[in-house]
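User: I would like to go through this model term by term. Please set each label against its cut-off.

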Amino acid sequence: MIEDEMISKGVKIGLETHISLPTNSKLFCPCSNIAKEQEEPNTRVCPVCMGHPGTKPHLNRNAVDIAIKMALVFNCKILQNSFFSRKTYFYPDMSKNFQITQYEIPLCEKGKAVIKTGEKSKEIKIRRIHIEEDPAKIVYQKESTYLDYNRCGSPLIEVVTEPDFATPKEARIYLQNLMALLEYLGLLRGGDETTTIKSDANISLAGGNRVEVKNIGGIREVEKALKYEFLRQKNMLAKSIIPARETRGWMDKLGISKSMRSKEFEEDYGYIFEPDLPYICIDNKQIEAQRNILPELPEEKAKRFRKQYGLNEKTVERLVRYRDLADLFEYLCERKIDAGVASSWTAGPILKTLNWNNTRFSLLSIDKKEIYICLNNYINKKHSDFICEKIIQKMVEEAKNKRTASYDTIVKKYRFFSSLIDVDAAIKEVISKNKKIFDEYRGGKEKALNFLVGMVMKETKGAANPQEIKEKINRL
Ligand SMILES: [Zn+2]
């Protein structure tokens, strides 16, 4: 197992994860922080985020409040006085040639995150959480390079861990938990993990140097990049070559890391205090105000679900990973669907279908009531579990394609006739009203069958399957 091998080789992994915050305006100016679909480049800009000389930044307090919430979730110490610094570097993605970030004193420090790998729990130390601005986007095209400053100045929170992960799997679990927390705190916009979080991962093996892999989008790529780096460094060490201390880029399409530059030391950035911004002063009142509006978080929810609904560990873990699914589960329970049935469907076929379609329940316009109707019909034996799952699959597919996905629409459109008993009853009813025609059919008049099928279809409002009606009448 590669995981065991990593532990024996003394792998140490640390993560620096940048989280885009869904504030309305940018971090230091009133420009909109809400990207529209297919917007024109350089349309959400002003002299402040473009860094024109003489302009002054003003801090967006909402970003500070979000950082406080994150600090509370990770049990960090919140520093009452922190400040911004200029990180100086020469690159076109920051036209003022420095990025406003926090360096010397961050907003919060010394927290912890607990991850569960199988039966075991492990504590990962959070070194610091700070606020900074996002640089612009550089677009490379054939022979030209373009700059789009729409993103420039958007607020980011950076969560830095100590190198406490022993395997890429642990790093993945930590990031999955982080994404769950962001959803619980209402900090996801659009729900796409690759645009919400970007990580720099550092990894070293015993006897080697610390190598940083920059700018890895999403969660799966972090795990892939770390596995790749482990093998690369292990093979070097096996040939008695010490891996250089350097920064590498992750080429996700190729699945390899590539040397970018030898690692700068922090002093190379020439950090200086940002003179245009005052200290960030946080008092207890502000901290308590944020604490009071924290929602029930995954761990607490899991505890409550175990106690209140008597669910097993595995099901609870799956249910609380996504807040929208946990909410759906509780909605079904409130409507008197048995907790066992509600949880096995929510954490089973529903979750599976959403994953298969690469979407989330909260992103689809499916009313929870429609899922309730479907499951209720399953409980009342109007559908087999097979058909019930098919209906849910169609609901998700239709909703993803922005089509009506109500239970009734799906059942009619895809002819999931609602009940075998209903079809039988409808046939009986039609035949009793059309005895003569039924006798004609029995006498060999094939056309009569089509008439009878049509009448049954009418009786079941088109929800029945004509082929099945034919077979059923045949058997009479
Ligand atoms: Zn601006």
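Analyst: The protein chain divides into domain 1 (2-291), domain 2 (296-413) and domain 3 (420-475). This is a predicted model, in which local features need pLDDT of at least 70, side-chain atom pairs count only at pLDDT 80 or more, and totals for chains, interfaces and linings use all residues. Residues are numbered from 1 along each chain as its sequence is written.

User: How do you know where the domain bounds lie?

Analyst: They come from an automatic or database domain assignment. On those bounds, the centres of domain 1 and domain 2, taken over C-alpha atoms, are separated by 34 Å.

User: How many residues of domain 1 are in contact with domain 2, and what makes a contact?

Analyst: Two residues are in contact if their C-beta atoms, placed from the backbone, lie within 7 Å. By that test, 6 residues of domain 1 meet 8 residues of domain 2. Helix α3 (residues 168-184) gives the most to the domain 1 side, with 4 residues. By class, that side has 4 nonpolar, 1 polar and 1 charged. Nonpolar covers Ala, Val, Leu, Ile, Met, Phe, Trp, Tyr, Cys and Pro; charged covers Asp, Glu, Lys and Arg; the others, Gly among them, are polar.

User: What makes a stretch a helix or a strand here?

Analyst: Both are DSSP runs, numbered from the N terminus: helices are H or I with at least four residues, strands are E with at least two.

User: Why is α16 called oblique to α17?

Analyst: Take the angle. Helix α16 (residues 446-459) and helix α17 (residues 466-475) pack at about 120 degrees, with axes 10 Å apart. Axes are lines fitted to C-alpha atoms, for helices over the stretch in contact, and angles run from 0 to 180 degrees between N-to-C directions. Under 35 degrees is roughly parallel, over 145 roughly antiparallel, 65 to 115 roughly perpendicular, and the rest oblique. So α16 is oblique to α17.

User: Which residues make the contact of α16 and α17?

Analyst: From α16 come Leu449, Leu452, Val453, Val456 and Met457; from α17 come Pro466, Ile469, Lys470 and Ile473. That contact has 8 nonpolar, no polar and 1 charged residues.

User: Is the crossing of α16 and α17 left-handed or right-handed?

Analyst: α16 passes α17 in a right-handed crossing. A crossing is left-handed if the near helix is turned anticlockwise from the far one by less than a right angle, and right-handed if clockwise.

User: Why does Ile473 count as partly exposed?

Analyst: Ile473 has 19 C-beta neighbours inside 10 Å, so it is partly exposed. The scale is this: buried at 20 or more other C-beta atoms within 10 Å, exposed at 12 or fewer, partly exposed in between, with C-beta atoms placed from the backbone. Ile473 lies in helix α17. Not counting residues up to four places away in sequence, Ile473 touches Ile427, Leu449 and Leu452.

User: Which residues of α8 and α10 are in contact, and at what angle do the axes cross?

Analyst: The axes of helix α8 (residues 313-321) and α10 come within 9 Å and cross at roughly 60 degrees. Thr315, Arg318 and Leu319 of α8 meet Ser343, Thr346, Ala347 and Leu351 of α10. The classes are 3 nonpolar, 3 polar and 1 charged. This crossing is left-handed.

User: Where do α9 and α10 meet?

Analyst: Helix α9 (residues 323-334) and helix α10 (residues 339-356) have axes that come within 9 Å and cross at roughly 145 degrees. Leu325, Leu328, Phe329, Leu332 and Cys333 of α9 contact Ala339, Ala342, Ser343, Thr346 and Leu351 of α10. The contact has 8 nonpolar, 2 polar and no charged residues. The α9 and α10 crossing is right-handed.

User: Why does Lys336 count as exposed?

Analyst: Lys336 has 10 C-beta neighbours inside 10 Å, and therefore counts as exposed. Lys336 sits in the loop between α9 and α10. Its phi is positive, about 70 degrees, although Lys336 is not a glycine.

User: What makes Lys110 partly exposed?

Analyst: Lys110 has 13 other C-beta atoms within 10 Å, so it is partly exposed. Lys110 lies in strand β6 (residues 108-117). Phi of Lys110 is near 55 degrees, a positive value in a residue other than glycine.
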